[in-house]
Amino acid sequence: MHIAILGGGLMGTASAFFLLTHPKAPKSLKVTLIDRGAIGAGATVASFGNVRRQGRDFRQMALAHHSLSLWNRLEKMLGCDVEFRATGHIRGVFHQEALQDMQNFAAAAQKHGLDLELLDQADMRRRFPFFSQDAIAGSFSPHDGSGNPRLVAPAFAQAAARQGLVIRDHTQVTSVTPTKDGFHIQTPDGIIAADLLLNTAGACGRQVAAWLDESAPLTPYGPQMGVTEPLAHRILPVVGVWAHRPADVIYCRQVERGNVVFGGGPREDVALDPGHAKVNPMTTLHQIEALSRLIPALQGTAVIRTWSGCEGYVDDMLPIMGPSAGHEGLFHAFGFCGHGFQLGPGVGAEMAELILTGTSLTDTSPFHIARFQDETPKGI
Ligand SMILES: Cc1cc2nc3c(=O)[nH]c(=O)nc-3n(C[C@H](O)[C@H](O)[C@H](O)COP(=O)(O)OP(=O)(O)OC[C@H]3O[C@@H](n4cnc5c(N)ncnc54)[C@H](O)[C@@H]3O)c2cc1C
């Protein structure tokens, strides 16, 4: 059995690893991972690196719990420290409307297996002294944290390569054609024939689906990031806010080397090809102002780099995951709407389970492409 995976980001590399290490994998299993660039150099490398369940859509929560359990074991599984640190995730509240949002989320989250510690102003000042004194409350998710977006996809790919994964990087797929018993994947170097195809092409996933007459309303956007000069390490958890208005979103984390990585604010338009989103300097200025309000000690800190990445946003803000609605042997896992870094290991495990056993570990039915079957495929 030959499975081709189109897209070597976190979803593609994690799927390759879990396919090749699955106890029910047939002895004859061959997996080929194809990417137009370097492995892990798409949206994955650009990620902020937040491994958070707090604030997540509840339909993703079971998958997110499973994924977190894998993040905790990745170092052992992959033989590489991908810098996952369960430092906790604190979100502050600055306005009454946001306080209500936080309380509503926390009450509902409990039913989905996520317990948040709700903190009043005094708790916030005592436990997180770096946080603005204007915060009136906050919620802390102690087991969430962050990972290194530059390490995780290459680590999955290398571990899968030790199990026989064939990597075809710097190989652009230009079309896919269904055949009698599989798929022909066209590349400049010739056709790759596979029995099964997994579409993990990220923001280009819609294009791949359209080649096979399936449609999903996905738009590529570039969320914007920045990083400061290295500073003495004072901020342990990942930090964010309960923002009632999207414009108020700001988040940051301090890496062990001292730099503070930050993001938030409007996303930029981005072309799929070559998929490098441009940074809007005005957004950086707003982010710096918001960051200084959030953590006053960061005022005047130098920003040494800014970047963005090309991520696929589906209209209903849920990913496309599961079997195709039209082709046997075709599977999708794309369009993670800015939330896929946390889910990545879980997505890989889910896709391996679905492909090799036809069952899933958690409920992935809300993510099926079939929910958009009435859309007309666009030949993009
Ligand atoms: C700036 C930014 C910050 C983010 N922060 C967070 C965060 O903090 N927490 C979180 O949970 N999520 C975050 N995300 C989202 C998360 O990074 C993504 O959801 C996740 O990395 C998507 O992985 P992927 O494998 O689906 O896509 P990608 O990493 O984009 O991989 C898809 C791959 O497909 C390849 N490809 C596409 N078309 C073709 C083709 N025709 N031929 C060959 N190869 C092709 C591309 O080259 C690419 O490498 C962020 C995203 C961005 C952009």
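When I say two residues are in contact, I mean that they have heavy atoms within 4.5 Å of each other. Keep that in mind for later. And one caution before we start: what we're looking at is a predicted model.

Okay, the overall picture. The protein chain has 380 residues, and 54% of them count as buried. The chain is built from 10 helices and 22 strands. Its radius of gyration is 21 Å, close to the 21 Å from the globule rule, so the chain is as compact as a globular protein of that length. If you box up the C-alpha atoms along the principal axes, you get roughly 65 × 45 × 40 Å. The accessible surface comes to about 16200 Å², with 51% of that belonging to carbon and sulfur atoms.

What about contacts along the chain? Take those between residues at least 6 apart in sequence: 76% of them join residues at least 24 apart.

Now let's go inside. The largest nonpolar core has 48 residues. Which of them touch the most other members? Those are Leu 19, Val 31, Phe 156 and Val 347. The top contributor to this core is helix H10, residues 340-357, which puts in 9 residues.

Let's stay with Val 347 for a moment. Setting aside neighbours within four places in sequence, what is Val 347 in contact with? The answer is Met 11, Ser 15, Leu 63, Met 321, Ala 333 and Phe 336. There is also a second, separate core of 20 residues, and Ala 135, Val 239, Leu 291 and Ile 295 are among them.

On to charges. Side chains of opposite charge can pair when their charged atoms come close. How many salt bridges turn up in a search of the whole structure? There are 8, and I'll walk you through a few.

Start with Asp 144 and Arg 53, whose side chains meet at 2.7 Å, N to O. Asp 144 sits in the loop between strands E6 (137-141) and E7 (145-146), while Arg 53 is in the loop between strand E3 (50-51) and helix H3 (61-71), so this pair ties together parts that are 91 residues apart in sequence. Buried or exposed? Asp 144 is buried, at 0% relative accessible area, and Arg 53 is buried too, at 7%.

Next up, Arg 85 and Glu 256. Here the closest N and O atoms of the salt bridge are 2.6 Å apart. This pair also links distant parts of the chain, 171 residues apart: Arg 85 is in the loop between helix H4 (74-78) and strand E4 (89-93), and Glu 256 is in the loop between strands E16 (251-254) and E17 (260-263). Arg 85 counts as partly exposed, at 26% relative accessibility, whereas Glu 256 counts as exposed, at 52%.

Last pair: Glu 117 and Arg 127, with a salt bridge of 2.8 Å, N to O. Glu 117 belongs to strand E5 (residues 117-120) and Arg 127 to helix H6 (residues 121-127), and the two are 10 residues apart. Glu 117 is partly exposed at 29% relative accessibility, and Arg 127 is partly exposed at 32%.

Notes
Residues numbered from 1 in each chain as written. Predicted model: local features only at pLDDT ≥ 70, side-chain atom pairs only at ≥ 80, totals over all residues. Heavy atoms only, no water. Core = buried A, V, L, I, M, F, W, Y, C linked by side-chain atoms within 4.5 Å. Buried < 20%, exposed > 50% of the residue type's maximum accessible area, 1.4 Å probe, protein only. Helix = DSSP H or I, 4+ residues; strand = E, 2+ residues; numbered from the N terminus. Salt bridge = Lys/Arg side-chain N within 4 Å of Asp/Glu carboxyl O. Rg over C-alpha atoms; globule rule 2.2 N^0.38 Å. Areas by Shrake-Rupley, 256 points an atom, 1.4 Å probe, with all protein chains shown as cover.
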